[in-house]
Protein chains: 4
Amino acid sequence: MEDFVFELEFKVRDYECDIQGVVNNSVYQNYLEHTRHEYLKSLNIDFAELAERGIFLMVKRVEIDYQRPLKSGDSFISVLRMERISQLRFGFVQHIYRLPDKKLMVKGLVIGTSVNKRGRPELPEELIKVWGFE
Amino acid sequence: MEDFVFELEFKVRDYECDIQGVVNNSVYQNYLEHTRHEYLKSLNIDFAELAERGIFLMVKRVEIDYQRPLKSGDSFISVLRMERISQLRFGFVQHIYRLPDKKLMVKGLVIGTSVNKRGRPELPEELIKVWGFE
Amino acid sequence: MEDFVFELEFKVRDYECDIQGVVNNSVYQNYLEHTRHEYLKSLNIDFAELAERGIFLMVKRVEIDYQRPLKSGDSFISVLRMERISQLRFGFVQHIYRLPDKKLMVKGLVIGTSVNKRGRPELPEELIKVWGFE
Amino acid sequence: MEDFVFELEFKVRDYECDIQGVVNNSVYQNYLEHTRHEYLKSLNIDFAELAERGIFLMVKRVEIDYQRPLKSGDSFISVLRMERISQLRFGFVQHIYRLPDKKLMVKGLVIGTSVNKRGRPELPEELIKVWGFE
């Protein structure tokens, strides 16, 4: 696996599967979001505290490639690394691998930005630092 | 049908169905909640405005009887009437009927209460009035 | 805690929380369902294999008491024990306790039955045995 | 609006909103999927019947641009047109516009393919025809 910086293990829950007996396509966004939020917590990045200072993180774009479907009973790990997209945009590169065979199931790129109180893009110093974006 | 005071029409969405090809049991709670919220809006009962005055509505108990399963492609109506449960508790009696045959699919009773700023149960006058609970 | 026979640990995911900042009422049904399915798997009760033999397990009724709301970041355990409701109905008694303080958040009773190929209620011997219902 | 061939009206349901008070990012995929399925039904394209003939439609890639967030109480229309991506891949171009002001909220591109019994890509004649892909 490429140099991912965070990983989280999950197990498919039956209510996440649809008529085809596989995880519904939209549910992968739930997995990816939960992974990002746990990653940010692991860095002590606190949405609420940022919001109080007038910094709002938001998702601007999501790209998901579906390689193979997860099924009822599958376990998997969701991994993540950061990528600078532009001066003001950051990307979460996120992969999902089935366990135990480590087959790549889903690849995602989630592009975010942060906006200040006046609605203008502004990437706070602490994020630039923690993500090694200088 | 019994004397229901509100109704809302829905159509099953495929992502709401599970491996068995029927609407997942938990999704009926989504249908029932959406029906209650639309009903309250139709009465001009505004959660946000109540909250500002320190009145918080909350669900204390849910009872759902599953009679027949809704399937992909089904349309249905969700109907509602109020019932006073006790001095401080009110009940939403909620049924779901499939269309067009009006078969009863699900029966629900959702019991709520309201709490004031000090965390004490308090049913505001406007709810008692609008629900005919005097 | 009462004599529960199965437990599963969870962590609240942010997408499960609603505008009030707490886990949406319907999501507890997801937690309870996942707990039941994992419990049945732990007993080697296989839905698919039962279905092939013409035995279908289904939920007939759900009762949920909401005591306290789970919030973003909360961990909890979901525990379960069986109760015979009638000749043909079985109940899953399910509690959710927040961690680490073990406060009771939600109490559920989920009543199921099983039906044979001819649509008639029939509780298979292996379930009667495994649940100690003789 | 560009030359869309199908539209469906929705209303945001409160359980679809998250802690930020806006529709959760993953829920847009539910809206987009429901729109696609209703569109295919409107063309009399029947998944089940295709599957019996050994033709399986599947989503390979999703791109979503989030322009503005939908909120509790918002109504919107979800519109769609087809685009040929390659010999064997087709794209659903999907936009979501808030009502009544028709502001563009979300843009999606959902790329699908179809696979035959032997697991090989094969786009059936009836889809090529109905989508004007000759």
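**Notes on the model**

1. Let's begin with one residue in chain B. Leaving aside residues up to four places away in sequence, Leu8(B) touches Thr35(B), Glu38(B), Ile77(B) and Ser78(B); two residues are in contact if their C-beta atoms, placed from the backbone, lie within 7 Å. Leu8(B) sits in strand β1 (residues 6-11) of chain B. Helices (H or I, at least four residues) and strands (E, at least two) are DSSP runs, numbered from the N terminus. Leu8(B) counts as partly exposed because it has 18 C-beta neighbours inside 10 Å. A residue is buried if 20 or more other C-beta atoms lie within 10 Å of its own, exposed if 12 or fewer, and partly exposed in between, with C-beta atoms placed from the backbone. Leu8(B) and Ile96(B) are 88 residues apart along the chain, with their C-alpha atoms separated by 9.7 Å.

2. A word on the basis of all this. The model is predicted: local features need pLDDT of at least 70, side-chain atom pairs count only at pLDDT 80 or more, and totals for chains, interfaces and linings use all residues. Residues are numbered from 1 along each chain as its sequence is written, while chains are lettered from A and ligands numbered from 1 in the order in which they are written.

3. Next, chain A as a whole. Chain A has 3 helices and 5 strands, and from the N terminus on its elements follow the order β-α-α-β-β-β-β-α. Along the principal axes, the C-alpha atoms of chain A fill a box of roughly 45 × 30 × 25 Å. Chain A has 134 residues, of which 31% count as buried. Taking the contacts in chain A between residues at least 6 apart in sequence, 64% join residues at least 24 apart.

4. Which strands make up the open sheet, and in what order? The sheet has 10 strands, in the order β1(A)-β3(A)-β4(A)-β5(A)-β2(A)-β2(D)-β5(D)-β4(D)-β3(D)-β1(D), with antiparallel pairing; two strands pair if DSSP finds at least two bridges between them. At the edges are β1 of chain A and β1 of chain D, each pairing on one side only. On average, neighbouring strands of this sheet are turned by 25° against each other, direction ignored. For such angles, axes are lines fitted to C-alpha atoms, for helices over the stretch in contact, and angles run from 0 to 180 degrees between N-to-C directions.

5. Some pairings within that sheet are worth a look. In chain A, β1(A) and β3(A) run antiparallel and are joined by 6 bridges, with Leu8(A) opposite Ser78(A). In chain D, strand β1 (residues 6-11) pairs with strand β3 (residues 75-84) in the antiparallel sense over 6 bridges, and Phe10(D) stands opposite Phe76(D). Strand β3(D) is also joined by 10 bridges to strand β4 (residues 89-99) of chain D, again antiparallel. Ser75(D) faces Leu99(D) across that pair, and β3(D) and β4(D) form a hairpin with 4 residues between them.

6. Now the helix α1 of chain A. Its 16 residues (27-42) should span 22 Å at 1.5 Å a residue, and the end C-alpha atoms are 23 Å apart, which agrees; the expected span is 1.5 Å times one less than the number of residues. Among the buried residues of α1(A) are Val27(A), Tyr31(A), Leu32(A) and Tyr39(A). The buried residues of α1(A) pack against β1 (6-11), β2 (56-66), β3 (75-84), β4 (89-99) and β5 (104-115) of chain A, together with α1 (27-42) of chain D. After the helix comes Asn44(A), with a positive phi near 60°. In chain D, α1(D) lies across β1, β2, β3, β4 and β5 of that chain, at about 65° to β3(D).

7. Finally, how do the copies relate?
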